[in-house]
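Reader: I am new to reading protein models, and I would like to go through one slowly. Could you show me how to take it feature by feature?

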Amino acid sequence: MAFLEIKNISKKYRGRYALKNINLSIEKGEILSIAGPPGSGKTTLLKIVAGLVKPDEGSIVLEGRDITDTPPHLRGISMVFEIPPVYPDRTGYDNIAFPLRLKGLPENEIKKRVYEVAELLGIKHILHRKPETFSGGEYQRVALARALVTNPTLLLLDEPLKSLDAKIREQMSIWLKELQRKIGVTAIYTTHDPLEAFTVGTRTAILIGGEIKQIGDPIDILEKPSMLEVDEYVSIPALNIFTGRVELEDDKLKVIINNVFLEKVIDKTLRERIESGKEYIIALRPSDIKVSTSPSPHSFQGRVLLVQYLGSRTLASIEVNETTIRAILPRGLRVGEGDIVYVELDVDRMRIYDPDSKIRIA
Amino acid sequence: MKKVKLEVKNITKRFGDLLAVNNVSFEVYEGETFTLLGPSGCGKTTTLRIIAGLEKPDKGRVFIGGRDVTDVPPRERNVCLVFQEYAVFPHMTVYDNIAFGLKARKEPEELIARRVREVAELLGLTSVLNTKASKVGLSEKQRIALGRCLVVEPEILLLDEPLTLADAKIRETMRRELRRLQRELKITMIYVTHDQLEAMMLSDRIAVMNAGRLLQVGTPREIYEKPKNLFVAYFIGSPTINLIEGKLVRKDGKLVLEKEGLVLDATKLLEEAKGVGKIIGREIVIGIRPEDIQIDPSGHGVWKGEVELFEVSGDQLIVHIKLAEETKIRAMAPFSLRLRTGDIVGVAINPDKVHVFDRKTGERIDLLSIGEA
């Protein structure tokens, strides 16, 4: 039995599904990331778990106990929001001590626990300062400390890093993961950024349009997206999507995109799932496209439209037969805008989606 | 010959006790995208507002096209500040939103119609011109905000973090669109952001700021490959550069970094570098970018360490490797390298990719130039 079970949860607003038949389970000591674009239902789901919103259908089971009708303050769950309310007129210490004082704990016990959690989060130096002097990361950690100090059985983190600068967000997401390893906190973490979800979470669930589209570890989701929507969502930089006619010939799969042929050897199970002569959606990430300055048997000729040097990698937009292909340039290859290059699609990295259901076939 | 469009000369601005902008000078060339980049509170927005004329500097001058505009009011500077998408008037049509600036100037109706249509065409807004602004998507709203400025043909376009509200996906598209558009129009653009990746994607040149000071101006490549100091090295690049500090000493024929009893052999990294003799005995910081480190699962390389943690970055893994108790580095690895937590791996590093900084001043030490000097 899982630590927390979210069972068949649905919620409608004005007749439209905000969440549809959500099933998730969280093990003790893990962080489950929920990644999805804005408006996909992440916050609603967390609020249902916290008891702040009542689901239309389904139940929430915590350690075997159905808590669907339990009021929020009796659930033993703490929630940290995107911009957590930290009292500006109180010191870091008083902010963190606040929930313990509400519980009427003795002052020496409060002090002990505040210092413990401040030590853990690396914020002892700001305990006697007012929030106006905190950096973004410190502010967020004070909010987190206030949630952790009550020893919640489950922590709900709703886009806690969203309003932070990019650099601090990178540090904080690693730091959260290290914290989780250290103290084994059980948490649900939401974010609109799939890569942040992958870093923080033990597992990640992809929530799009109120439905869970896939759950798994990052590499699984990245390498085997369940459907085109997931592939598009997790692909940063953006996915290249083509339409291609597919033909089967002996043990070979041929793909024809515009006037370019690609082929690869495939196994029997895949042969049975592909209909020869039909058009499919072909998706390739920019890192699956090889660019060179000389032609090869399976390459397309193209013209460089835009080069974006990003330091560790260089991203190029290349016009081929009136479609724009985005590719990561190999390190060391220097090309400029307007240059003619040759583009090769990595046939082994190519993903094939059904044009109607958009479900991945290969 | 590049023509200077904007010159900011020794600008200083104080807000009470806070020195928001500290003696900042730079030039922006005609037709380039120039980005002011730095963390919250570094002074980038104040600098932009001084250029727009919305703040008056305590000291220093601002020149646009050679003309001293320091005391010229904002509307007479011929610059336009693009506000965020939420500044679009929702009850007006897209057409009226874009036409706003021209109508305010009481331009003739047919000129307005022509300019609005041209700009709408350029921004891909033609089909929604008669739609209420409240009915269009975020990406369109962003383009409307931009269109409002383009239509008045300013000499310089100023943008203050216009993409912060958009989600990752829209942001990526907008960065590409904005870059393409700027190239097409050859407009001079000054952009403000805290996001280094955004700065790299959009800019011809970047000015890195911290705590009111301008630390380095250069192309994305110059800033990435030759950061002038520790802050720039740290701030540019994701995942962040690995920084290892210590005193460089010669011990038993080896070059080692010493710090609080910990010793890290740096012989293979530094022995070939010209001028290394002159930094022996000094407190230094070595910087190595994660993508310049290759992991060898069989344990060979410059150093050895234990795999501690993984992150995922799109198409690669970021592997955290513990070299010693307080010394950890991050390296990139393909998914196919099946590593597990606890594995002992070697790391190979190309000595040419090693950056060296002075620990006290934070300034870059160019070993080659020391050798030549």
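Reader: How many bridges join strand 3 of chain B to strand 8 of chain B, and in which direction do the two run?

Author: Strands, like helices, are read here as DSSP runs numbered from the N terminus, with at least two residues (E) for a strand and at least four (H or I) for a helix, and two strands pair if DSSP finds at least two bridges between them. In this case five bridges join strand 3 (residues 33-37) of chain B to strand 8 of chain B, and the two run parallel. One of the residues to look for is B:Phe34, whose bridge partner in strand 8 of chain B is B:Ile190.

Reader: Before we go on, what kind of model is this, and how are its parts labelled?

Author: This is a predicted model, in which local features need pLDDT of at least 70 and side-chain atom pairs count only at pLDDT 80 or more, while totals for chains, interfaces and linings use all residues. Residues are numbered from 1 along each chain as its sequence is written, and chains are lettered from A and ligands numbered from 1 in the order in which they are written.

Reader: Which strands make up the sheet, and in what order?

Author: Six strands of chain B form an open sheet in the order 6-7-8-3-9-10, with mixed pairing. The edges are strand 6 (79-82) and strand 10 (213-218) of chain B, each of which pairs on one side only. On average, neighbouring strands of this sheet are turned by 20° against each other, direction ignored, where the axes are lines fitted to C-alpha atoms, for helices over the stretch in contact, and angles run from 0 to 180 degrees between N-to-C directions.

Reader: Is strand 8 of chain B buried or exposed?

Author: A residue is called buried if 20 or more other C-beta atoms lie within 10 Å of its own, exposed if 12 or fewer do, and partly exposed in between, with C-beta atoms placed from the backbone. Six of the six residues of strand 8 (residues 188-193) of chain B are buried, so this strand is largely enclosed by the rest of the structure. Both of its faces are covered, with B:Thr188, B:Ile190 and B:Val192 on one side and B:Met189, B:Tyr191 and B:Thr193 on the other.

Reader: Why is helix 1 of chain B described as largely enclosed?

Author: Eight of the nine residues of helix 1 (residues 44-52) of chain B are buried, so the rest of the structure largely encloses this helix. Among the buried ones are B:Lys44, B:Arg49 and B:Ile51. Just after the helix, B:Gly53 takes a positive phi of about 95°.

Reader: Why does A:Glu132 count as exposed?

Author: A:Glu132 counts as exposed because it has 8 C-beta neighbours inside 10 Å. Its place is in the loop between helix 3 (107-121) and helix 4 (136-148) of chain A.

Reader: Which residues touch the most other members of the largest nonpolar core?

Author: In soluble globular proteins, nonpolar side chains tend to be buried together. A nonpolar core is a set of buried Ala, Val, Leu, Ile, Met, Phe, Trp, Tyr and Cys residues joined through C-beta atoms within 7 Å. The largest one here has 165 residues, of which B:Ile98, B:Leu158 and B:Ile190 touch the most other members. Helix 4 of chain A gives the most to this core, with seven residues.

Reader: Where do the domains of chain B lie?

Author: Domain bounds come from an automatic or database domain assignment, which for chain B gives domain 1 (4-235) and domain 2 (242-365). The C-alpha centres of these two domains of chain B lie 39 Å apart.
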